[in-house]
Amino acid sequence: MEFKRTVGTRRTTRYYQAWRPVEKQKIQKILHAARLQSHHGNAQEVRKAVVVTKGETPDAVRDGLIDAVYNQPQAHQAPVAIVWCTDLAGWEPLRPTLLKLIETGSLTSSYGWSEEFVDSVVMKTPDFNVLAGDIEFAKWLSSFECGLGVGSALLAATDEGLGTGLVTGRRDQIRELLNMPESVIPTQIQLVGYAAESIEAGGQRPRPDFEQLYFDGTWGNSIQGDPEVVDELAEAGMIQSAAPLPHRKAELRALAGMFGLPE
């Protein structure tokens, strides 16, 4: 898909073709999309994931993961679950990573970057080196950086013609189940599979008005949306018909019957 249409088409899929496996190549493309996303200090080892696949991962592990996400029906249906997590130990190589960025010309001397600057300023400043400061800030920033990758992973799944969505779960149970070290914190679980519902999934989800979210120069001074921009994005497929589409209730009744769920 074109990028704007991919953004507009992404939905949280809640009905999957449980009988249809997902090609491994597509899963790897999703993981690459997360791997290549921006990251503070280029500390990419903070953002990690465990892939749980129906029919390949031991049933006890997959069943345990489904239990940890509160036995949500879509977790039973989706053939693949990507358990996204942060690894605080991934911040430890920050210094050599920054020096590598200087070596490759990504961080330049014109902007003051040097080995001396890294040692005398960056590594001693908690806003740069998060392990030098409040651990809660380190956890917060790690989750933010993980979220950047997950956002790309969701769009990559959509671009590959897959259904996808996020579910939450009991983090301590997931950590123990997947044998994660103490430095690792599970965040969200991305379900992946071929959607059993239509690509529109009832229409684009409700969102606050543009003016409620974005401000110009100071908080509360709303940026006024441009109708021409809205028209352009609608034509490109980023802005789509809002939920609920007329056929959605009939579709939900059919899906409930297909999966033996209450209407």
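Colleague: How much accessible surface does the protein chain have, and what share belongs to carbon and sulfur atoms?
Modeller: About 14,800 Å², with 54% belonging to carbon and sulfur atoms. Accessible areas come from the Shrake-Rupley method with a 1.4 Å probe, and for residues only the protein chains shown count as cover. This is a predicted model, where local features need pLDDT of at least 70, side-chain atom pairs count only at pLDDT 80 or more, and totals for chains, interfaces and linings use all residues. Residues are numbered from 1 along each chain as its sequence is written, and side-chain values use heavy atoms, leaving out hydrogens and water.

Colleague: What fraction of the residues is buried?
Modeller: Of the 263 residues in the protein chain, 37% are buried. Buried means under 20% relative accessible area, exposed means over 50%, and partly exposed lies in between (1.4 Å probe, protein chains only).

Colleague: Which helices and strands are there, by number?
Modeller: The protein chain has 11 helices and four strands. They are DSSP runs numbered from the N terminus: helices are H or I with at least four residues, strands E with at least two.

Colleague: Where is Thr-86, and is it buried or exposed?
Modeller: Thr-86 is in strand S2, residues 80-87. Thr-86 counts as buried because its relative accessibility is 1%.

Colleague: What does Thr-86 touch?
Modeller: Leaving out residues up to four places away in sequence, Thr-86 touches Val-46, Ser-142, Ser-143, Cys-146, Ser-183, Val-184, Ile-185 and Thr-187. Contact here means heavy atoms within 4.5 Å.

Colleague: Which residues of H11 are buried?
Modeller: Arg-248, Glu-251, Leu-255 and Ala-256. They sit on the same side of H11, because they cover an arc of only 135° around the axis; the arc is that of the directions from the helix axis to the C-beta atoms.

Colleague: And which are exposed on the other side?
Modeller: Lys-249, Ala-254 and Gly-257 are exposed on the other side of H11.

Colleague: What comes just after H11?
Modeller: Gly-260, which takes a positive phi of about 65°.

Colleague: Last one. Where is Ile-223, and how accessible?
Modeller: Ile-223 is in the loop between helix H9 (210-213) and helix H10 (227-236). Ile-223 is partly exposed, with a relative accessible area of 32%.
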